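Reader: Please show me the entry, and then I will ask how its labels were assigned.

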Amino acid sequence: MAPLKTLNKQQLPANGVTIGGVKTRSHLTTMKKEVLPKRKADDSPLKRATVKRSALVDIKNELKENNAEAAYQKTNVNKKASVGVTVPKKPLGTLNVKKTVSWIPKKETTKVNVANPVQVKVTESLLPKPKMVEKILINKKPEAIPAATKKTETSTLSTGVVTRRASRSSELEKSSESSLYVSALEDLNLDENKKASSKRQVRRPKPPPGVEDYDLEQMNDLGSVAMYAMDIFNYLKSRENHFKIDDYMSKQTSINKSMRALLIDWMVEIQENFELNHETLYLAVKIVDLYLSKVKIQKEDLQLVGCASLFIASKYDERIPPMLDDFLYICDHLYDAKDVLSMEIKLLRNLDFQLGIPLSYRFLRRYARCAKIDMPLLTLARFILEYSLMDYSTVTYSDSKMAAAALLLAIIMKQGGTWTPTLEYYSGYKVDDFKDIALALNAVLHKKQNDKIKTVRTKYSHKIFFEVAKIPLVDDLKL
């Protein structure tokens with residue numbers, strides 16, 4: 001677009017003539033002053049004096065309006081009377097005279113003397129006790145009865161009459177409202193119930209001797225949910241069988257293992273470019289495998305499945321997920337919006353809208369935090385776990401055991417350590433429970449690298465990730 005030409009003052013006409021068919025600002029101002037007619041509001045009469053008022057009505061203006069209306073009604077009445085309309089008149093005796101109220105004798109009230117109270121007989125049948133008082137009397141302990149009530153009891157035995165006001169005043173003199181309220185709580189055993197309920201909430205399994213209680217240290221951190229952390233991960237372990245993936249590649253006729261590896265490598269690249277969470281990547285890969293294990297697809301739709309899976313996972317795990325146009329752009333507009341949305345519906349229906357899938361990455365973070373593992377060692381375990389996503393042989397393994405195997409392999413590669421009692425307690429596994437998975441992951445690392453699949457190694461060869469991909473591998477004998 002060419003730049004706008006600047007006009008000199010000499011080019012502008014003095015009388016406001018248009019230049020090239022375009023009206024200038026000076027022309028518009030002259031039109032407003034000379035040509036344009038006046039607004040209707042300018043010729044209208046003056047408005048009321050009380051134009052400005054607050055949201056609450058002004059009392060003075062309201063009274064003036066009421067007086068004006070009353071005067072207007074009087075004039076109308078006079079006019080109607082002059083025309084010949086009969087107006088009912090009030091008798092002279094009732095005009096401008098206030099109504100007299102007949103005098104009603106008040107009931108005689110007797111003043112109660114506090115010093116000499118009036119004794120009133122009270123029977124249980126006439127005055128039933130409230131439910132709250134009955135509970136207090138039932139749970140009343142003999143030690144909690146004040147001395148004032150004992151005095152009243154003795155008086156009732158002698159006279160047979162209960163002085164309610166005297167007993168109440170004596171109690172109030174010796175005990176304030178707060179003390180009565182506390183004594184009532186003690187009688188109802190509410191404090192004991194509160195203590196019992198608090199004990200129920202605090203109850204959780206304690207680690208064995210020699211193992212640090214990590215959750216107890218994180219009790220003040222609300223984000224860690226330390227009170228329910230063990231229960232949450234035990235529940236996720238119980239849900240693993242619900243999302244179990246079988247060997248499905250033999251049922252697929254149009255795709256193979258290498259195509260799946262290329263797809264996941266592309267998904268890792270998207271996760272890195274969009275700066276998505278690692279949980280988003282792991283959830284998207286799980287959605288792909290769960291869908292392929294149940295539905296046969298063509299190779300042309302494989303990338304569409306991966307794109308829609310990332311779209312769903314990002315909306316589930318990201319605070320600000322990418323837009324649909326972003327996913328269409330990364331697919332080079334191979335698919336349109338209708339294709340992605342229809343595939344999204346198919347994936348969600350196939351999953352029965354259950355996206356709380358146990359992920360190996362979540363288990364890995366839990367184990368590393370409880371064992372207080374440093375960041376370079378955790379990054380190495382993340383590299384092993386993420387690199388195994390592209391290998392089809394790890395699809396059928398348990399996610400919690402995959403995380404434990406990746407962490408054990410990283411410990412051996414980095415420090416030459418072993419599986420500690422802390423890791424055994426918080427993971428719930430011994431080395432023998434996942435040793436075969438650790439050997440499988442080590443075999444995946446020893447495989448010959450494919451030039452087309454190198455996104456994960458390039459990613460973890462950077463200084464940000466401590467160059468963990470360059471750490472030398474270990475033999476199976478060390479495992």
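Reader: Where is the place of Glu275?

Author: Glu275 is in the loop between helix 11 (257-273) and helix 12 (278-292). Helices (H or I, at least four residues) and strands (E, at least two) are DSSP runs, numbered from the N terminus. This is a predicted model, in which local features need pLDDT of at least 70 and side-chain atom pairs count only at pLDDT 80 or more, while totals for chains, interfaces and linings use all residues. Residues are numbered from 1 along each chain as its sequence is written, and side-chain values use heavy atoms, with hydrogens and water left out.

Reader: Why does Glu275 count as exposed?

Author: Exposed means over 50% relative accessible area, buried under 20%, and partly exposed in between (1.4 Å probe, protein chains only). Glu275 has 69% relative accessibility, so Glu275 counts as exposed. Its phi is near 55°, a positive value in a residue other than glycine.

Reader: What is the phi of Phe466, and where is the place of that residue?

Author: Phe466 is not a glycine, yet has a positive phi of about 60°. Phe466 is in the segment after helix 21 (455-459).

Reader: Why does Phe466 count as partly exposed?

Author: The relative accessibility of Phe466 is 42%, and therefore Phe466 counts as partly exposed.

Reader: How many disulfides does a search of the whole structure find?

Author: The search finds zero disulfides. For Cys307, which is in no disulfide, the nearest cysteine sulfur is that of Cys331, 3.6 Å away.

Reader: Why do Cys307 and Cys331 count as buried?

Author: Cys307 has 0% relative accessibility and therefore counts as buried. Cys331 has 5%, so Cys331 also counts as buried. Buried residues make up 34% of the 479 residues in the protein.

Reader: What makes Val225, Tyr228 and Ile232 a nonpolar patch?

Author: Like charges are joined within 9 Å, and nonpolar side chains (Val, Leu, Ile, Met, Phe, Trp, Tyr) within 5 Å. Val225 has a relative accessible area of 35%, so Val225 is partly exposed and passes the patch cut-off of over 30%. Val225, Tyr228 and Ile232 together have about 270 Å² of accessible area (Shrake-Rupley method, 1.4 Å probe; for residues, only the protein chains shown count as cover).

Key:
Disulfide = S-S within 2.5 Å. Salt bridge = Lys/Arg side-chain N within 4 Å of Asp/Glu carboxyl O.
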